[in-house]
Amino acid sequence: MAPAYARYKLPSRAATATKVVMVKPGSTRDTRPVPANWLIESGAAVRQLQEKTDRTHAIVLMGVSGSGKSTLSGYLAELLGCPVLEGDAFHSAANVAKMTAGHPLTDEDRWPWLGALGNAIGTAAMGHGRAVAACSALKRSYRERLCAASCVPLYFVLLDTDRAEIARRLANRPGHYMPPSLLNSQLATLERPGVDECALTLDATRAPALLSADVLGWVQSVIAPA
Ligand SMILES: Nc1ncnc2c1ncn2[C@@H]1O[C@H](COP(=O)(O)OP(=O)(O)O)[C@@H](O)[C@H]1O
Ligand SMILES: O=C(O)[C@H](O)[C@@H](O)[C@H](O)[C@H](O)COP(=O)(O)O
């Protein structure tokens, strides 16, 4: 039987666009139903975004492990027909081994990773006009590092929810190297974006299809205010 999310198959323009997809093993999609008019509303938001601006930019989904970054970035990239970059794919083998062993990364561990990922985000966005990325980007300094390395405007979207919801998700996500035991350090490290940052905070428990509509509307309102 086709998975429930097949109902939300996207328009052919998005589906056939050139993509650089770096998928993370172990991610699944939220299959809760969304309103029937979602595709129409999202289609309108995508068109508006594409018509109103050709300004190169990237959307970065941020938040602690398990908050839904990869899931939502997949949705958005499909809608926009643009490349999606998975932050996990840019970690060194040493970083992955460290996290797998249950040790949180340090600033020093994260610095080269953020540089390489920021660079790749910038390259993808410049090549395609826009890009979507999933990256925890837990601290303000990490977001600044991504901005500096990408050289394109970055729109950060924090997926925020409580500890219990994240813990439940991590416990139900087999086959991922990130152990649930690192959740406390992830939450302790998280610096929510300040009002002076180009960032939107969303309730991570909503369905990805609905979150994506909010993201598109917000980016469009910032890039090309009515
Ligand atoms: N909006 C959502 N509602 C419910 N579950 C979700 C949602 N987004 C993601 N999930 C589930 O939570 C888990 C973690 O999602 P994932 O996208 O891998 O998070 P991250 O990339 O932030 O680590 C996955 O099992 C996924 O199916
Ligand atoms: O900076 C970090 O500590 C890591 O980047 C971490 O935040 C990230 O969450 C892991 O790489 C797991 O990947 P997921 O976030 O995709 O679970």
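T161 is counted as buried, with a relative accessibility of 19%. Buried here means under 20% relative accessible area, exposed means over 50%, and partly exposed lies in between, with a 1.4 Å probe and protein chains only. The structure is a predicted model, in which local features need pLDDT of at least 70 and side-chain atom pairs count only at pLDDT 80 or more, while totals for chains, interfaces and linings use all residues. Residues are numbered from 1 along each chain as its sequence is written, chains are lettered from A and ligands numbered from 1 in the order in which they are written, and side-chain values use heavy atoms, with hydrogens and water left out.

**Overall layout**

The protein has nine helices and five strands. In sequence order the elements run α-α-β-α-β-α-α-β-α-β-α-α-β-α. Helices (H or I, at least four residues) and strands (E, at least two) are DSSP runs, numbered from the N terminus. The protein has 226 residues, and 49% of them count as buried. Among its contacts with a separation of 6 or more, 83% join residues 24 or more positions apart. A contact means heavy atoms within 4.5 Å.

**Selected residues**

| Residue | Relative accessible area | Class |
|---|---|---|
| A137 | 0% | buried |
| S150 | 1% | buried |
| L190 | 12% | buried |
| C198 | 33% | partly exposed |
| C151 | 61% | exposed |

**The cavity and its lining**

The model holds one cavity of 30 Å³ or more. On a 1 Å grid over the protein atoms alone, a cavity is a set of points where a 1.4 Å probe fits but cannot get out, and lining residues have an atom within 4 Å of a point. Grid points are joined across faces, edges and corners, and the volume is the space filled by probe spheres set on the points. For the largest cavity the volume is about 50 Å³.

Its lining consists of G63, V64, S67, L158, L159, D160, T161, I166, L187 and L190. Strand β4, residues 154-160, contributes most to this lining, with three residues. By class, the lining has six nonpolar residues, three polar and one charged. In this scheme Ala, Val, Leu, Ile, Met, Phe, Trp, Tyr, Cys and Pro are nonpolar, Asp, Glu, Lys and Arg are charged, and the others, Gly among them, are polar.

Two of the lining residues sit in loops. T161 is in the loop between β4 and α7. Beyond its neighbours within four places in sequence, T161 contacts I166, A204 and T205. L190 is in the loop between α8 (183-189) and β5 (199-203). Not counting residues up to four places away in sequence, L190 touches M62, V64, L138 and L158. The C-alpha atom of L190 is 5.8 Å from that of K139, although the two residues are 51 residues apart along the chain.

**Nonpolar cores**

In soluble globular proteins, nonpolar side chains tend to be buried together. A nonpolar core is a set of buried Ala, Val, Leu, Ile, Met, Phe, Trp, Tyr and Cys residues joined through side-chain atoms within 4.5 Å. The largest one has 27 residues, and L85, I121, C135, L146 and L154 have the most contacts inside it. Two or more residues come from each of β1 (57-62), α5 (107-128), β3 (130-134), α6 (140-150), β4 and α7 (163-171). Helix α5 gives the largest share of this core, seven residues. Apart from this core lies another, of 25 residues, including Y75, V132, L200 and L202.

With residues up to four places away in sequence left out, L154 touches A58, V60, I121, L146, C147 and C198. S150 is in helix α6.

**Positive phi and cysteines**

A137 is in the loop between β3 and α6, and its phi is near 45°, a positive value in a residue other than glycine. C151 is in the loop between α6 and β4. Its phi is also positive, about 60°, although C151 is not a glycine.

How many disulfides are there? The count is zero, where a disulfide is a pair of cysteine sulfur atoms within 2.5 Å. For C198, the closest cysteine sulfur is that of C147 at 8.2 Å, so the two are too far apart for a bond.

Definitions and conventions: On a 1 Å grid over the protein atoms alone, a cavity is a set of points where a 1.4 Å probe fits but cannot get out, and a pocket is an open set with protein on both sides within 12 Å along at least five of seven lines; lining residues have an atom within 4 Å of a point.
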